[in-house]
Amino acid sequence: MGALLFALNALLLFSELAFATHTGGTWHYKFDVKLKSVKRLCNRKNMVTVNGRFPGPKIMAREGDRVVVEVANNVQNNVTIHWHGIRQIQTGWADGPAYITQCPIQTGQRYVYNFTITGQRGTLFWHAHVSWMRATLYGPLIVLPMQNASYPFGQPDEEVPITFGEWWNVNTEAVINQSLQTGAGPNVSDAYTINGKPGPLYNCSAKDTFKLKVKPGKTYLLRLINAALNDELFFSIANHTITVVEVDAIYIKPFNTKTILIAPGQTTNVLLKTKPHYPNAAFFMSARPYLTGLGTFDNTTTAGLLEYEKPNSSFPSTNLPIFKPSLPALNDTPYAANYSQRLRSLANSQFPANVPLTVDKRFFFTIGLGADPCPKNQTCQGPNGTKFSASINNISFVLPTTALLQAHFFGQSNGVYNTSFPNNPPFPFNYTGTPPNNTFVSHGTKVRVLPFNTTVEVVLQDTSILGVESHPLHLHGFNFFVVGQGFGNFDRNKDPAKFNLVDPIERNTVGVPSGGWAVIRFRADNPGVWFMHCHFDVHLSWGLKMAWVVLDGKLPNQKLLPPPSDLPKC
Ligand code: C2O
C-alpha cells in the first residue's frame, strides 16, 4: 500500500512537473535559470529563479540513485549549483562552489551535474554557490531511503518540505557589492520567508502566507531547511510539541521540544502529531532569528499557518482564534547551547556512528571577523574607518580566478594556490577575551593537503575580534562528528576528556557557539578539493573560508574521476 501510494505520488509529481523524469535508478532534472518577476511585501522585483519558481523545484531521489541535473544559465549573472550535504564521492566536479570545484556557468552556457547518492538519505537542499545568488536560487533535495528500507521512526502519514529563506526588497547582488565596496555591513533583509512566503506579520503580506492543512490524529514529517543567508532561526508551532528525528540527513535519538534552532546550511526533520480532534483554532508556525553578533540585524518574525480540516461544514470557517508560539529571546545563547547538547546520533547497529577514535592530524582554527585597511583616496564605513573582513587563522581566503579542483587534478597549482594553510593561528591570544590591538587579517589562497584516509580533528575557536558570534561552519564532501563544544577558550589539557566519542551528532554544518568552540572529527576518505566555510553568506564574502585538498588513495575507487567534458571554463 505504501509503495502504491508512493508510485501514485510520484506519478502526480511528474505529471505536474515537466522538468523531471525518472528512469531506473536515475533521476533527470532540467534547471532553466531565468528571470522572473516576483512580488513580496508590495515590492516587485525581477529575480533570478530556477524554472521561474520561488523557492526552486524540489529534487527527489533515493539512496543509491544517480541524479543528473542539466543547468542552463539564461541570466546575466554567473551561476553554479551546490548539492549541499551530498558527499560527491569521487565526483567533486559536481559539487558546485564557484572557483573551488568549477568555474561558473556563464550566460548562455550549460553544465550537467551528474552524481550518485551513496550511503545517505534524508533532507538536504540545493543552492547557488557564487556570490549571493543563493538568496533566490535554492530548493529542497530529498533523498528517500532505499526501496525496501523504512524510517527508524515509523512511517508518517505525509511529508512536507518547509524551507526558510530571506527576502530583500532590492537586488541582493547590489547589497553585497555595496558592502564589499564601502566596507560596511550589508543592508539587512526585509523579511524571512517560509516556502517563499513572509506571512501575515509583515506589511502588505497577509496573502503571501504558507498554509499547512492537516487532519486530526495524523503524523506529519516536516522537512525543515534553513536556506536563509545570514541568520540562524528559532522555529516553533503554537500549542504543539514536535519530535526531532533527523538533522543534516542523519538519524538522531528522537526527542521532544517546542522550539528548534536551525542555522543556515542545516536541515532538521521533525514529526508533528496533530491533535486528536478538530481544535476549532488555527496555529502560527513561526520563525525568527537567534542573534549573537554586534551590529544591525533583521529581527522580524515570519509565520505560516497550521490549519485543521473541518470535520464537516457545520463548523464555522472564519474568525477562528489563532494561537501564537512563544519563541526564545533573540539572543538566548543558553537555549541554543542546551538545544545543541540534546542532538545525539542514533548510533545503533543499522546506523552506526563511525567516529574516528584516533586522530592523524590535529588543527586549531580561529574563526571570526577582522578588518582590512581602507584603500587610499576612499572613506570606508567599516569598524573605525576600516573595511569588514573575516578569516580562519587570520587568513582571509581569496578566491582564485580558475577552479582549485582543476588546478589540483591537472597538476597546475602554481600561481593558483599554495599548500601552506597553517595548523594554528599566527600567535596565541585570549581568543574570547580582550582582542589584540591589531585586528587586520592577511590574505591568500591557501589550502591544506590531506593524504587519503587521514583522520582529522579540527578545533573551531570563535574569536571576540569585532564581537563574538555564532558561526555555522560547513564542510563540503564529508559529514563530521561534533565531539565536543563549550564556551570560552578551548583547553587542550582539560576539554578532550569530555569528548563524546560514542554518539556525537554527525552533520555537515555546526553552529560554533558564540564566544566558544566546537571540535569536529572526520575521515578524509573522499579525494578532491573540499570547501569549508561559514554558511553566513556575509562572512563567506568576507573570507571566512578555506579548502582541503584530499589526495587519491591507492585503489581505483579511491581516486577522483576525470572531469566531465562540459565542465565550464573560466
Ligand atoms: Cu551550502 Cu559551501 O554551501
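Which residue of S16 does Ile242 stand opposite? Ile242 faces Thr257 in strand S16. Welcome to this predicted model, in which local features need pLDDT of at least 70, side-chain atom pairs count only at pLDDT 80 or more, and totals for chains, interfaces and linings use all residues. Residues are numbered from 1 along each chain as its sequence is written, and side-chain values use heavy atoms, with hydrogens and water left out.

**The S15–S16 hairpin**
- Strand S15 (residues 242–247) and strand S16 (residues 250–257) run antiparallel and are joined by 5 bridges; strands here are DSSP runs (E, at least two residues), numbered from the N terminus.
- S15 and S16 form a hairpin with 2 residues between them.
- In the turn, Asp248 has a positive phi of about 45 degrees.

**Gly24**
- Gly24 sits in the loop between strand S1 (20–23) and strand S2 (26–40).
- With a relative accessible area of 67%, Gly24 is exposed (over 50%, using a 1.4 Å probe and protein chains only).
- From Gly24 to Ala249, 225 residues apart along the chain, the C-alpha separation is 23 Å.

- S26 and strand S34 (residues 545–550) run parallel, joined by 4 bridges.
- Leu450 has Val550 in S34 as its bridge partner.

Methods: Two strands pair if DSSP finds at least two bridges between them. Buried means under 20% relative accessible area, exposed over 50%, partly exposed in between (1.4 Å probe, protein chains only).
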